[in-house]
Amino acid sequence: MAEASDGINYGDLIISALQRGGDRPAFVAPDETTLTYRQSADLFARMRRVLRDHGVVRGTGVGVFGPNRPEIWLATAAVFTEGARFTALNPLNSVSDIVYMADNAELEVLVVDPMFVDRAEAIAAESPRLRHVFTLGPSTYGIDILQLSTQVTEPVLSPCEANVEDIAWLQYTGGTTGVPKGVAVSQRSLVQAAQSILASWEMPVVPRYLAASPITHAAAMPILPTLLRSGTIFMHKSFSPEAWLCTVQDQRINLGLLVPTMLYAILDSEHMGKFNLSSIE
């Protein structure tokens, strides 16, 4: 394994972003619960300690799947910052497909929302490489990482030790031309993506970002740039044109990420003219 480098990696940016926001709101969950930057940094550091204590180190493969919620992103951030390797798993895929990806990515740990615990248990039964299944809350199977986090006495906010060329994100394609293929994204590439978004997207000075598509995929990309500007991320668990329009109006959303099908659904919605969208930049 290569020695850790002196370059800025993705984990460094995450720590910097979470530490600079203070008591400003960082995340607004689908149930409208708010996490400040201080609360987010604390939970992130506690989950990082739990993962480290269970053998998640530089290069460990960790799979994450669940709906949009702040804890999903913070757990993923903890994986990046330990120098481990993140893979998003789609709960809509079959168990056999996910087992294939878990084995191919050499995943040793899963972090899942309790709503998908039955699927996680089935995957663990078929994938002998998996050592731990963490759940984000009480569940009938696995280890509740949130409960363990409350017992942590020494949260970890030390710098990320990953090399900038280490694989940070191993993302799988849809498999439309065969089996899904892993696309390796380095720490350096994620840093470049965050910096490019800040530089070329003409982001608002204080972003208010609405994530309505999965944050385990493309919708995650504006999150760190938003946090680096001490903005706020609002999350929806699923997409509805009316709910999207309502949140934009009520929360004065100024930044969004929409795939074409979502955009067309909004433009075609009968509710389009009922909401004030002037906040969008």
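Me: Which residues does V133 touch, not counting residues up to four places away in sequence?

Reply: Contact means heavy atoms within 4.5 Å. By that rule V133 touches L110, V112, A120, A124, Y141, G142 and I143. This is a predicted model, in which local features need pLDDT of at least 70 and side-chain atom pairs count only at pLDDT 80 or more, while totals for chains, interfaces and linings use all residues. Residues are numbered from 1 along each chain as its sequence is written, and side-chain values use heavy atoms, with hydrogens and water left out.

Me: Where does V133 lie, and does it count as buried or exposed?

Reply: V133 lies in strand β6 (residues 132-135); helices (H or I, at least four residues) and strands (E, at least two) are DSSP runs, numbered from the N terminus. Buried means under 20% relative accessible area, exposed over 50%, and partly exposed in between, with a 1.4 Å probe and protein chains only. V133 has 7% relative accessibility and therefore counts as buried.

Me: How is a nonpolar core read, and which residues have the most contacts inside the largest one?

Reply: In soluble globular proteins, nonpolar side chains tend to be buried together. A nonpolar core is a set of buried Ala, Val, Leu, Ile, Met, Phe, Trp, Tyr and Cys residues joined through side-chain atoms within 4.5 Å. Here the largest has 59 residues, and I14, F27, F44, W73, L74, I223 and L227 have the most contacts inside it. A second, separate core of 18 residues includes A105, V112, I123 and Y172.

Me: In what order do the five strands of the open sheet come?

Reply: Strands of a sheet pair through backbone hydrogen bonds, either parallel or antiparallel. Two strands count as paired if DSSP finds at least two bridges between them. The order is β2-β1-β11-β10-β12, with mixed pairing. Because β2 (34-36) and β12 (255-256) stand at the edges with a single partner strand each, one side of each has no neighbour in the sheet. Strands β10 (residues 208-211) and β11 (residues 232-235) pair in the parallel sense over four bridges, and R208 stands opposite T232 in β11.

Me: Which residues of α4 and α5 meet?

Reply: Two packed helices are described by the angle between their axes and the distance between the axes. V95, I98, V99 and D103 in α4 meet R119, A122, I123 and E126 in α5.
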